[in-house]
Amino acid sequence: MYLELLILLMILAFTADYLMRKRINDIVNASNFPRPRYTLPILGDCLPYLGLEIKDSLDFFNRMHEKFGKVCRLWVFYRCIFFVQDVKFFEHILSSPTLISKSFFYDMVSSWLGNGLLLSTGSKWHKRRKIITPTFHFKILQQFVEIFDHHSRTMVSKLSKIADGKTSIDIYQAVCPATLDIIAEAALGVKIDAQQNTDIAYTKALKIVAHITWYRFMNPFRYSDINFMLLAPRYYMQLHKNIRIMHVFTEKMINERRATLTRSSESAKASQSCPDIVEDDQSVGLKQRLSFLDVLLQATIDDQYLTNADIREEVDTFTFEGHDTTTSGISNTLYLLARHPKAQEKVFEEILNVIGADKEKSVGMNELQELKYLECVLKESMRLYPPVPLIGREVKEDTKIGDQVLPANSTICMSIYAIGHDPQLFEFPEEFRPERFACSKDEKINPYAYVPFSAGPRNCIGQKFAILEMKSIVSCIIRHYELLPLGVEFQPIVSLVLRSSTGVNLGLKRRI
């Protein structure tokens, strides 16, 4: 009796599974998308995916593309996922005004980042983007260069203690607090002195949250919040503990900036009623620099001010994106220059020509823009080691690309890392060749083959800010130090952003 009931339940489950997948499978088959030969009921194609460790994730994606080609389909339980590294698909997807919904993978960071600019879609995303875009206008960016320069100099000063030409250091650990200082002061209008106080709880919490989130991504049984809580309770509690730490940190910055704005407003009113009152330095600076956070605090949508929760989710998003990703890009660039002395020498010569030999000279916007070869170096670094190696989209309606159709209710996972290493798009893709980005118009790189800041309507809103910041820090370090190829080699892993499992190691030697 029980055996017959069990068999009946299995037949019903397999039938329901077949019917649920049928429409998508029919479209996939008609479009001739490569896929595994056999797909199991219920489990789908996820058996090779189970049990993978974080260090294996990039190898897994590479194996999928080697085995099935540049676009392949996998079923992970009830989710149909397309792994994509085809530039034609990149162009269509990223330029589409309708394929703007982030994939379900991003839901794993929603308890941390809320529904801000990174995760939101529809009218909320359009309205927030419209508010925030002006804060990264060229004229406003000019005001932040001084901040970049100041914190770059602080970093250089701290590095002097270990610049003996023999000691291997993990440069990521030095860059991380500098970028946090910059994003806090430039975008949020708050000074936190992370470089002086290296025991900042935010950076430690971010590292833990990134690790646990990617651990979930590599374990399909833990995609659901309920499953994650039941199957990995220790990780679940650790995740939410560290998210609370980061929320406390960003809420503190919001409250500090709100208080500064209030004092400035009161000071302005007092000076109008009493002309003899002189504004303090902080108030003057506030007028000169309108930060991203200031805009949020003063913005309205449909005649309503943003709530504290609205503001925090945007601040959390920009603190993460403007700090962790930039740290990855800067550190990886310095690592590659340490291993390529000829390129490093060209960067140094360009700095001498543009900025001069005076190491203490302040660097402005014009000088940073003139560092053309350094920009090529940064681009080549982000091609080899993109700070954000994967991006995802949800397909809401059947989408035709060429002769193939991506079915509705499927997920797209695009590998920026893989497309940057495609030999059909980049000659000698594993080699560090900054000159490839200085080519003529006839040799121009396909813009959708190089997308470290994504592209199209959902491109990174702060990419100009990031490039200027990266130029400032890298040029400042090169002005003062020769980079040496010391320490363990780079071993790329994904942990929300691209990191190295062995650290980003190099040595420093003072330039005379």
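This report describes selected features of a predicted model, covering its cysteines, strand pairings, salt bridges and surface.

## Cysteines and the annotated site

A UniProt record, from an unreviewed entry, places the feature "binding site" at Cys460. Cys460 is located in the loop that runs between α18 (416-420) and α19 (463-480). With a relative accessible area of 28%, Cys460 is partly exposed.

The count of disulfides in the model is 0. Cys413 takes part in none, and the nearest cysteine sulfur, belonging to Cys72, is 9.6 Å away. Cys413 is buried, its relative accessible area being 4%. For Cys476, the closest cysteine sulfur is that of Cys176 at 18 Å, which is too far for a bond. Cys476 is also buried, with a relative accessible area of 1%.

## The β11-β12 hairpin

Strand β11 (residues 492-495) and β12 run antiparallel and are joined by 4 bridges. The two strands form a hairpin with 1 residue between them. Leu496, in the turn, has a positive phi of about 70 degrees.

Strand β12 (residues 497-500) is covered on both faces. Val497 and Arg499 are buried on one side, and Leu498 and Ser500 are buried on the other.

## The three-stranded sheet

A further pairing involves 3 strands, which form an open sheet in the order β3-β13-β10 with antiparallel pairing. Its edge strands are β3 (169-170) and β10 (481-484), each of which pairs on one side only.

Between β3 and strand β13 (residues 505-510), the antiparallel pairing extends over 2 bridges. Within this pairing, Asn505 in β13 is the bridge partner of Asp170.

## Salt bridges

The structure holds 25 salt bridges. One of them lies within a single helix: Asp17 and Arg21 both belong to α1 and are 4 residues apart, about one turn of the helix. Their side chains meet at 2.9 Å, N to O, and both residues are buried.

A second salt bridge connects the side chains of Arg339 and Glu489 at 3.7 Å, N to O. Arg339 lies in helix α14 (residues 324-339) and Glu489 in the loop between β10 and β11, so the pair ties together parts that are 150 residues apart in sequence. The two partners fall into separate accessibility classes: Arg339 is buried at 18% relative accessible area, whereas Glu489 is partly exposed at 44%.

Arg433 and Glu431 form another salt bridge, in which the closest N and O atoms are 2.9 Å apart. Here Arg433 is partly exposed at 30% relative accessibility, and Glu431 is partly exposed at 37%. Elsewhere, salt bridges with shared partners join Lys124, Arg128, Asp310, Glu313 and Glu314 into one network.

## A nonpolar surface patch

Leu3, Leu6, Ile7, Met10, Ile11, Phe14 and Ile42 form a nonpolar patch on the surface. Together these residues have about 650 Å² of accessible area. Among them, Ile11 lies in helix α1 (residues 2-30), the helix that also contains the Asp17 and Arg21 pair. Ile11 counts as partly exposed, at 48% relative accessibility.

## Spatial relations of two further residues

Gln143 is placed in helix α6 (residues 138-159) and is partly exposed, with a relative accessible area of 28%. Gln143 and Met365 are separated by 222 residues in sequence, and their C-alpha atoms are 8.8 Å apart in space.

Thr307 occupies the loop between β5 (304-305) and α13 (308-321). Its relative accessible area of 41% makes Thr307 partly exposed. Thr307 and Leu296 are 11 residues apart in sequence, with a C-alpha to C-alpha distance of 9.5 Å.

Conventions. Residues numbered from 1 in each chain as written. Predicted model: local features only at pLDDT ≥ 70, side-chain atom pairs only at ≥ 80, totals over all residues. Heavy atoms only, no water. UniProt positions renumbered as here; feature names shortened; annotations may be inferred. Buried < 20%, exposed > 50% of the residue type's maximum accessible area, 1.4 Å probe, protein only. Disulfide = S-S within 2.5 Å. Pairing = 2+ DSSP bridges. Patch = residues over 30% accessible without salt bridge, like charges linked within 9 Å, V, L, I, M, F, W, Y side chains within 5 Å. Areas by Shrake-Rupley, 256 points an atom, 1.4 Å probe, with all protein chains shown as cover. Salt bridge = Lys/Arg side-chain N within 4 Å of Asp/Glu carboxyl O.
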